[in-house]
Amino acid sequence: MSVVPNGAQAVHAAGVARLLDSYRAIPPAATVRLAKPTSNLFRARARTGGKGLDTSGLTNVISVDPQAATADVAGMCTYEDLVAATLPYGLAPLVVPQLKTITLGGAVTGLGIESTSFRNGLPHESVLEMDILTGAGEIITASPDHHADLFRAFPNSYGTLGYATRLKIELEPVAPFVELRHLRFHSLPDLFAAMERIIETGGLAGARVDYLDGVVFSADESYLCVGFKTKTPGPVSDYTGQQIYYRSIQHSGGEKHDRLTIHDYLWRWDTDWFWCSRAFGAQHPVIRRLWPRRYRRSSFYWKLIGYDQRFDIADRIEKRNGRPPRERVVQDIEVPLERCTEFMDWFLENVPIEPIWLCPLRLRERTSAPTSWPLYPIRAHRTYVNVGFWSSVPVGPEEGHTNKLIERKVSELEGHKSLYSDAFYSRDDFDDLYGGEAYKTAKKTYDPDSRLLDLYSKAVQRQ
């Protein structure tokens with residue numbers, strides 16, 4: 001039986017009505033956009049006048065069904081709020097992206113990943129059905145059996161085919177605690193070989209592995225972070241205060257153990273935005289003591305980045321100190337596991353960024369024929385590794401020089417790049433990589449008057 005928070009369905013219905021009213025109020029010649037209070041995009045976007053779509057009533061969890069292990073969720077609900085609603089039932093989404101203010105609709109239309117992705121794939125794979133406001137101004141329920149073309153094309157469309165107003169998703173049981181084993185490696189080939197063994201066997205030293213990611217600090221210092229669900233109570237670490245999670249991973253050799261509550265494990269990366277809080281001084285012991293705890297979270301750091309993008313603060317500082325401006329290299333890419341050593345060797349030699357996050361993924365194994373996702377066409381039955389690197393480098397001879405080098409290398413290795421940040425592909429290359437004809441067909445069907453931007457305009461031309 002579904003558990004419905006008091007008034008949640010009425011709130012959602014009213015929110016959908018306001019959304020439709022705001023759509024109809026936008027002049028027919030104007031581009032339709034969301035009016036979002038938060039964003040996890042790192043693409044610079046053109047500033048436009050006029051009001052966007054009103055999503056104010058689409059931020060809640062509509063219901064949770066503990067018996068069926070499913071939830072009905074409004075499209076603009078953050079994972080922070082979604083997890084808060086499911087954990088009391090011992091359940092969580094199959095994939096919980098790392099940052100609290102990522103929304104469920106955003107993770108599905110823009111992709112998401114985390115340490116369960118080696119067994120649960122990507123967030124859109126746990127969607128059973130979703131209501132989508134299309135560019136034509138209609139609310140359509142899409143599923144594998146109804147409007148399947150839209151259902152399959154929606155992931156990685158970044159709001160260019162429509163916006164999810166409601167999603168019904170699968171949940172999975174979680175335990176109160178996560179036991180962690182941080183395994184150190186002195187060579188990347190050894191790390192990737194160990195990663196492959198864990199994924200192929202599903203375990204480590206005879207124990208089932210539930211969570212798996214990793215961090216590369218240098219060619220001779222890298223770690224796999226292996227997590228196990230456990231109900232056994234005991235002391236747990238706290239990385240929301242003075243201690244910093246990613247620094248806790250490092251040790252001289254062998255294996256290091258740690259324990260977290262499931263809540264703190266899911267948000268272990270959010271407190272310091274992985275390691276990016278160091279750019280604001282928030283990891284300095286003195287500053288950290290003075291930094292209010294409520295501001296130790298990714299959403300606050302993102303606000304600081306927003307100010308920098310608006311006023312060019314970092315470039316002004318570099319110029320004042322007699323240094324050239326820097327190129328932002330904030331990217332997540334997926335490379336087949338067997339090509340990862342080649343990519344990492346190239347990256348460490350050519351791109352001066354560390355640490356680097358690793359997160360393996362496989363599309364979910366299904367008894368029926370696997371669902372294809374044409375806008376992000378990674379192959380079934382093949383392991384990929386998400387490589388995340390988020391910093392800046394000295395500018396090169398042309399705009400986006402380092403980003404372009406990375407794009408070419410990733411394509412050479414049969415990989416793909418997420419589109420939440422800067423992209424520099426030509427139109428033809430972009431179409432080859434991100435859906436091509438399948439996207440054009442869905443666009444003509446569900447946004448025939450081009451009320452929404454197309455994907456290339458949004459992801460590459462930054463409109």
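How many bridges join strand β9 and strand β13, and in which sense do the two pair?

1. First, the ground rules. This is a predicted model, in which local features need pLDDT of at least 70, side-chain atom pairs count only at pLDDT 80 or more, and totals for chains, interfaces and linings use all residues. Residues are numbered from 1 along each chain as its sequence is written, and side-chain values use heavy atoms, with hydrogens and water left out.

2. Now the opening question. Strand β9 (residues 177-185) and strand β13 (residues 221-230) run antiparallel to one another, joined by nine bridges. Within this pair, Phe185 sits opposite Ser222 of β13. Strands here are DSSP E runs of at least two residues and helices are H or I runs of at least four, both numbered from the N terminus; two strands pair if DSSP finds at least two bridges between them.

3. Zoom out to the sheet. It is open and antiparallel, with eight strands in the order β14-β9-β13-β12-β16-β17-β15-β18. The edges are β14 (255-261) and β18 (416-417), each with a single partner strand, so one side of each has no neighbour in the sheet.

4. Next, look at the helices on the sheet. Helix α12 (residues 340-350) lies across β12 (211-218), β15 (326-336), β16 (356-361) and β17 (384-394), at about 5 degrees to β17. Helix α13 (residues 401-412) packs on the sheet too, touching β15, β17 and β18, with its direction about 10 degrees from that of β15. Contact means heavy atoms within 4.5 Å; axes are lines fitted to C-alpha atoms, for helices over the stretch in contact, and angles between N-to-C directions run from 0 to 180 degrees.

5. On to charges: the structure holds 28 salt bridges (a side-chain nitrogen of Lys or Arg within 4 Å of a carboxyl oxygen of Asp or Glu). One of them joins Glu80 and Arg297, with the closest N and O atoms 3.0 Å apart. Glu80 is in helix α2 (residues 79-86) and Arg297 in the loop between α9 (285-290) and α10 (298-311), 217 residues apart.

6. Asp213 and Arg268 are worth a look as well, their closest N and O atoms being 2.9 Å apart in a salt bridge. Asp213 is in strand β12 and Arg268 in the loop between α8 (262-266) and α9, so the pair ties together parts 55 residues apart in sequence. Asp213 is buried at 1% relative accessible area, and Arg268 is buried at 4% (buried is under 20%, exposed over 50%, partly exposed in between, with a 1.4 Å probe and protein chains only).
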